[in-house]
Amino acid sequence: MIVAVACSWAVLSSAAGAQEKQVTDDQYAEIQKNFAEAYNRKDADAMAAAFAEDGIRVTPSGIFQGRAAIRRNLQDVLNMGLHDYTVQRTVSRSDGTFVFNAGEWQAKLDDQPLHGYYTAIIVRDGDQAKIMEETATIVAPGQ
């Protein structure tokens, strides 16, 4: 059940009948920074708040639907003792009202380094960026 959350997000939104707005790279960087800080201080509530209320998170330990289930999964991840979490976004592209991001995450379990990859689909929820769907993987030992 080793899964580290790695979420990166830049966003597009569509206001009711209005023109689309895009979240800037500065706003994206702040969201990513806030998430990493929440992870490293073991704040599952702040981490889960990054997800849309009806978000979906797919990990090697299961599929989690809805913010409450995602929060429980994130708390399980934190309880494992993972620390020193970082994330590097390598791909970001928009398609309609969605933004797709992909990249790599790293963390440690005790002194053992771990890493994996993630994808995330980001949407606008009111005036905030929210993760609608995230998939996180872990690289097999020795890779």
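Trainee: Why is Arg71 called partly exposed?

Mentor: Arg71 has 26% relative accessibility. Buried means under 20% relative accessible area, exposed means over 50%, and partly exposed lies in between (1.4 Å probe, protein chains only). The 26% of Arg71 falls in between, so the label is partly exposed.

Trainee: What should I know about the model and its numbering?

Mentor: The model is predicted, so local features need pLDDT of at least 70 and side-chain atom pairs count only at pLDDT 80 or more, while totals for chains, interfaces and linings use all residues. Residues are numbered from 1 along each chain as its sequence is written, and side-chain values use heavy atoms, with hydrogens and water left out.

Trainee: What makes Asp45 and Arg71 a salt bridge?

Mentor: The rule asks for a side-chain nitrogen of Lys or Arg within 4 Å of a carboxyl oxygen of Asp or Glu. For Asp45 and Arg71, the closest N and O atoms are 2.6 Å apart. That meets the rule, so the pair is a salt bridge. It links distant parts of the chain, with Asp45 in helix 2 (residues 44-48) and Arg71 in helix 3 (residues 67-79), 26 residues apart. Helices here are DSSP runs (H or I, at least four residues) and strands are too (E, at least two), numbered from the N terminus.

Trainee: Why do such side chains pair at all?

Mentor: Side chains of opposite charge can pair when their charged atoms come close.

Trainee: How many salt bridges does the rule give?

Mentor: The count is four. One of them joins Asp43 to Arg41, with the closest N and O atoms 3.4 Å apart. That is within 4 Å, so it qualifies.

Trainee: What makes Glu53 and Arg67 a salt bridge?

Mentor: Their closest N and O atoms are 2.9 Å apart. Glu53 is in strand 3 (residues 51-59) and Arg67 in helix 3, 14 residues apart, so the pair links distant parts of the chain. Glu53, at 52% relative accessibility, is exposed. Arg67, at 21%, is partly exposed.

Trainee: How do you know which strands pair with strand 3?

Mentor: Pairing needs at least two bridges found by DSSP. Four bridges join strand 3 to strand 8 (residues 128-136), which run parallel. Four join strand 3 to strand 4 (residues 62-65), which run antiparallel. Both pairs therefore meet the rule.

Trainee: Which residues stand opposite Val58?

Mentor: Thr135 in strand 8, and Ile63 in strand 4.
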